[in-house]
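Please look over the sequence and the structure shown here before reading on, and keep both in view while the text leads you from one part to the next.

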Amino acid sequence: MPTEPKQRALAPVLTLALVLCASPICATQAVASDDAGKKKADEACAACHGAEGNKPITPETPRLGGQEYGYLVQALNDYRKGTRDNPVMSAMAKPLTEKEIRELAGYFSRQQGLTTKR
Amino acid sequence: MTKRGGLLVLTVATALVLSGSAWAGGDAVRGKARAQMCEGCHGITDYRTAYPQVYPVPKIGNQEPAYIVKALQDYKTGARKHPSMRGIAATLSDQDMADLAAYYAGEPRK
């Protein structure tokens, strides 16, 4: 198959990536960013969405605990850009950096709460 | 009040109470029957929208029922823009939305 040499060339790179990710350096970064996400979530989001995004204060406020990471990133970016409109969320999302958005989305996506119901 | 008048008042009052409770809570059984149109995307773990942007569809199991109704209303009015969701929400009545919200919300929040 024509793709085989390319796959073989990729193998060491993938192995290295796996080894690095399993190493304490990578683990420490993951924990650090989770802490940052939790800190920011407790400061900025918990007042309306509740602890771990699971106890919203009004019926129309969504739960965030367990939500898809990519959906949360999309929603925050849409609020930031103004393509999704909500006076409170637009104001909350405007000052966020892309790093903060990733940290918040990561934190909420790792909590229990929402499910894929079928 | 005549006996007949009393019966009429009772019937109207019962209908109001029943319709009121159906709106407030929605009917999860009717919602389940209506949810077929949702499951093709929201019933698949890590399913991604393909248009206009690629990102995972949100999980809606255990979501707040009033938020689900608001999201569907916002799609119906065009306040929220996703094309597939706008198309689907346009076909839903207020009662359908309440029923779907009741089905997806699961147990009431303590």
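In which loop of chain B is the place of Asp46(B)? Asp46(B) lies in the loop between α3 and α4 of chain B, and this description, like the others that follow, refers to a predicted model. The phi angle of Asp46(B) is near 65°, a positive value in a residue other than glycine. Most residues other than glycine have a negative phi, and most peptide bonds are trans. Asp46(B) counts as exposed because it has 11 C-beta neighbours inside 10 Å, where 12 or fewer is the limit for that word.

The loop between α3 and α4 of chain B also holds Asn62(B), whose phi, near 75°, is again positive in a residue that is not glycine. Since 19 other C-beta atoms lie within 10 Å of Asn62(B), this residue is partly exposed. Pro52(B) is found in the loop between α3, which covers residues 36-42, and α4, and the peptide bond that joins Tyr51(B) and Pro52(B) is cis, with an omega of about -5°.

From this loop we can turn to the helices. Helix α4 of chain B packs with helix α6 (residues 94-105) of chain B at an angle of about 140°, and their axes are 8 Å apart. The two helices are therefore oblique to each other, as an angle has to be over 145 degrees to count as roughly antiparallel, and their crossing is right-handed. On the side of α4(B), the contact is made by Pro65(B), Ile68(B), Val69(B), Leu72(B) and Gln73(B), while α6(B) brings residues including Met97(B), Leu100(B) and Tyr104(B). Sorted by kind, the residues of this contact are eleven nonpolar, one polar and no charged.

The next step is the contact between the chains, which takes 20 residues from chain B and 21 residues from chain A.

Finally, consider the confidence of the prediction. The predictor gives the complex an ipTM of 0.76 and a pTM of 0.75. Chain B has a mean pLDDT of 84, with 75% of its residues at 70 or more, but over residues 12-23 of chain B the pLDDT is below 50, and this stretch has two contacts beyond near neighbours in sequence. Chain A also averages a pLDDT of 84, with 71% of the residues scoring at least 70, and the pLDDT stays under 50 over residues 24-29 of chain A.

Conventions: Residues numbered from 1 in each chain as written. Chains lettered and ligands numbered in written order. Predicted model: local features only at pLDDT ≥ 70, side-chain atom pairs only at ≥ 80, totals over all residues. Contact = placed C-beta atoms within 7 Å. pLDDT = per-residue confidence, 0-100. Axes fitted to C-alpha atoms, helices over the stretch in contact; angles between N-to-C directions. Helix = DSSP H or I, 4+ residues; strand = E, 2+ residues; numbered from the N terminus. Parallel < 35°, antiparallel > 145°, perpendicular 65-115°, else oblique. Left-handed = near helix turned anticlockwise from the far one by under 90°. Nonpolar A, V, L, I, M, F, W, Y, C, P; charged D, E, K, R; others polar. Buried ≥ 20, exposed ≤ 12 C-beta atoms within 10 Å, placed from the backbone.
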